[in-house]
Every structure is written in C-alpha cells, then in structure tokens.
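Colleague: I am new to this one. Please walk me through it, feature by feature.

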Amino acid sequence: DKRTIHVMPDTPEIVLSRANAINISKKQYQQAWEDSKKKGYDLRADAIAIKSAKASRDIASEYKYKSAYEQQRGHYIGTRSAQDDAKMMGLIKSGKLPSDLLYKQDYERTKAKCHIPPDMVSIKTAKDNQAVASYIDYRHYLHQWTCHPDQNDCIQAKKAYDLQ
C-alpha cells in the first residue's frame, strides 16, 4: 500500500510533539491548577523570599524618603535660626514690645494699691492681741476661773475638782 505510512514512535520529533501537546493542553493546565489549589500554600513569615521582599521594600521606601527630603531641602529659604536673620529678629522684637508695654502698664496701675478688706485690720489686731495674751498666759496665770464665782454650777464644779 502506498497510502499507509509507518513512523517510528521513538523519534525525537514525535517525542517533542507529544510533550508540546501536554504543555499546550487546556485540560492538563486546568487539572494542574486544581491540584495546586488542593495542596494550598506554605508561606512562613521567616521565609527567605519574604525577608528579601521586606528588605527591598524598606530600602526603596528609605530611598524615596531621602530623595524627597533632599528635594524639599532645596526649597527652604533663609537662615538656619531666627537669630541669624535680621528681619526675623525685628519681627520677634516688635511682637515682644506690646506684651512688655501691657505688662508695665498693668504693673504701674496696681503697684501702689493695697487690696485689704475693711475687717482685715480688726482680724489682724485680734490675732496680735491673742498672741500677746497667750504669751502672758504662758508666763503667769491671769486668774484661775473664767466664770462668775457666785454661779451655782461653778461652785459645784469647784467642789468636784477639789474632791479629786
């Protein structure tokens, strides 16, 4: 028969075409996907890939921060401190003047005035007199009894104290 062709099954072209058919097959692809989903994943926090990803993220973040800082640093105008700039010192002094002026005016208004309530003098005098009387009482007794000697309860109390 001239129409039948016999091909050897182990030729390299045949083996390669069978491997390509498996790789291209949609059914095989879906089956491999389902198998990998069934297995799940093992992702530890201390895995090398995760550590390297975190480190590269931190390096990129630090680089972006430093480049933004360097860019922004060029936008600053003026001197390093307010004391170095004459205009800033002038503004600071002009801000202090009204507050100093108000403070001095308030001090001048209230410095000669004493705010003592009218009964404070009598209270102070009473305290001083008490201190003098207490000192005198400490040195000599003014009298032994502070009530009227003719009172009946006073006489009874004297007798009771004498009995003790």
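This is a predicted model: local features need pLDDT of at least 70, side-chain atom pairs count only at pLDDT 80 or more; totals for chains, interfaces and linings use all residues.

Colleague: How many helices and strands does the protein have?

Modeller: Helices (H or I, at least four residues) and strands (E, at least two) are DSSP runs, numbered from the N terminus. Here there are six helices and zero strands. The pattern along the sequence is α-α-α-α-α-α.

Colleague: What share of the residues count as buried?

Modeller: Buried means under 20% relative accessible area, exposed means over 50%, and partly exposed lies in between (1.4 Å probe, protein chains only). Of the 164 residues, 1% count as buried. The protein exposes about 16,600 Å², with 58% of it supplied by carbon and sulfur atoms. Those areas come from the Shrake-Rupley method with a 1.4 Å probe; for residues, only the protein chains shown count as cover.

Colleague: What sits at the start of H2, and what follows H2?

Modeller: At the start, a side-chain oxygen of Ser 25 comes within 3.4 Å of the backbone nitrogen of Lys 27. After H2 comes Gly 40, with a positive phi near 85 degrees.

Colleague: How many salt bridges are there?

Modeller: Side chains of opposite charge can pair when their charged atoms come close. A salt bridge is a side-chain nitrogen of Lys or Arg within 4 Å of a carboxyl oxygen of Asp or Glu. The count is four. One of them joins Glu 34 and Lys 37, with the closest N and O atoms 3.5 Å apart.

Colleague: Why can residues three or four places apart point the same way?

Modeller: An α-helix has 3.6 residues a turn, so such residues point the same way. Glu 34 and Lys 37 are three residues apart in H2 (residues 26-39), about one helical turn. Glu 62 and Lys 66 are four residues apart in H3 (residues 48-73), again about one helical turn. Their side chains meet in a salt bridge at 3.1 Å, N to O.

Colleague: Is Arg 57 buried or exposed?

Modeller: Arg 57 is exposed, at 53% relative accessibility. Its salt-bridge partner is Asp 58, at 3.4 Å, N to O. Asp 58 is partly exposed, at 41%.

Definitions and conventions. Residues are numbered from 1 along each chain as its sequence is written. Side-chain values use heavy atoms; hydrogens and water are left out. A polar contact is a pair of N or O atoms within 3.5 Å; within protein, one must be able to donate a hydrogen and the other to accept it, and residues adjacent in sequence count only if both atoms are side-chain atoms.
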